Amino acid sequence: MIENKNHLLEQKISTVLFVTDVKPVSEKLSVDISGDLQVYIGEGRVPPQRKTYQARFDNSNGRLMLIGFEEVLLKAGEGA
C-alpha cells in the first residue's frame with residue numbers, strides 16, 4: 001500500500017469522484033455510491049469513468065462502523 005502511495009505521489013496522480021447517485025440498502029447495512037471518477041496525472045486529465053462503489057457497515061452495540069469499501073463491477077448494459 002505504501003508503494004502505491006509513493007507511486008501516486010511521484011507521478012502526481014490524483015483522483016476525485018463526482019457523486020451522482022447514492023442508494024442505501026438498509027437490509028444489508030450498505031450504500032451504493034455512483035459517480036464520475038476523474039483522474040489527473042500531472043497537469044493532464046484522463047477521460048472520466050462512471051464508477052459504482054459499495055460501502056458496508058456493521059452495527060455493533062449501537063456503533064455504526066465502516067467494514068468495507070469496494071468497487072461494484074456492473075454487467076454490460078447496467079447503468080449506475
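Me: What should I know about the numbering and the model before I start?
Reply: Residues are numbered from 1 along each chain as its sequence is written, and side-chain values use heavy atoms, with hydrogens and water left out. The model is predicted, so local features need pLDDT of at least 70, side-chain atom pairs count only at pLDDT 80 or more, and totals for chains, interfaces and linings use all residues.

Me: How many strands form the sheet, and in what order?
Reply: Start with the terms. Strands (E, at least two residues) and helices (H or I, at least four) are DSSP runs, numbered from the N terminus. Two strands pair if DSSP finds at least two bridges between them. Here four strands form an open sheet in the order β1-β2-β3-β4, with antiparallel pairing. β1 and β4 are the edge strands, each pairing on one side only. The twist averages 25° from one strand to the next. For such angles, axes are lines fitted to C-alpha atoms, for helices over the stretch in contact, and angles run from 0 to 180 degrees between N-to-C directions.

Me: Which bridges join β1 to β2?
Reply: Strand β1 covers residues 13–25 and strand β2 residues 30–41; 12 bridges join them, and they run antiparallel. Ile13 stands opposite Ile41 in β2. Val16 has Gln38 in β2 as its bridge partner.

Me: How many bridges are there between β3 and β4?
Reply: Eight, again in the antiparallel sense, between β3 (residues 44–60) and β4 (residues 63–71).

Me: How do I read the surroundings of a strand residue?
Reply: Recall that in a regular strand the side chains alternate between the two faces of the sheet. Then list contacts, meaning heavy atoms within 4.5 Å. Take Leu17, in strand β1. Leaving aside neighbours within four places in sequence, Leu17 is in contact with Ile33, Gly35, Asp36, Leu37 and Tyr53. Leu17 is partly exposed, at 26% relative accessible area. Ser34 is 17 residues away in sequence and 8.5 Å away in space, C-alpha to C-alpha.

Me: How many aromatic pairs does the structure hold?
Reply: Rings of Phe, Tyr and Trp (its six-membered ring) pair if their centres lie within 6.5 Å; planes under 30 degrees apart count as stacked, over 60 as edge-to-face and the rest as tilted. The structure holds one aromatic pair. The rings of Tyr53 and Phe69 have centres 5.5 Å apart and planes at 10°, so the pair is stacked. Tyr53 lies in strand β3 and Phe69 in strand β4, 16 residues apart. Tyr53 is buried, at 14% relative accessibility.

Me: How many salt bridges are there?
Reply: A salt bridge is a side-chain nitrogen of Lys or Arg within 4 Å of a carboxyl oxygen of Asp or Glu. The structure holds three. One joins Lys23 and Asp21 (3.7 Å, N to O). Lys23 is partly exposed at 45%, and Asp21 is partly exposed at 25%. Another joins Arg50 and Asp36, with the closest N and O atoms 2.7 Å apart. Arg50 is in strand β3 and Asp36 in strand β2, 14 residues apart.

Me: Where do Lys51 and Glu71 lie?
Reply: Their side chains meet in a salt bridge (3.1 Å, N to O). Lys51 lies in strand β3 and Glu71 in strand β4, so the pair ties together parts 20 residues apart in sequence. Lys51 counts as buried, at 17% relative accessibility, whereas Glu71 counts as partly exposed, at 36%.

Terms used. Buried means under 20% relative accessible area, exposed over 50%, partly exposed in between (1.4 Å probe, protein chains only).
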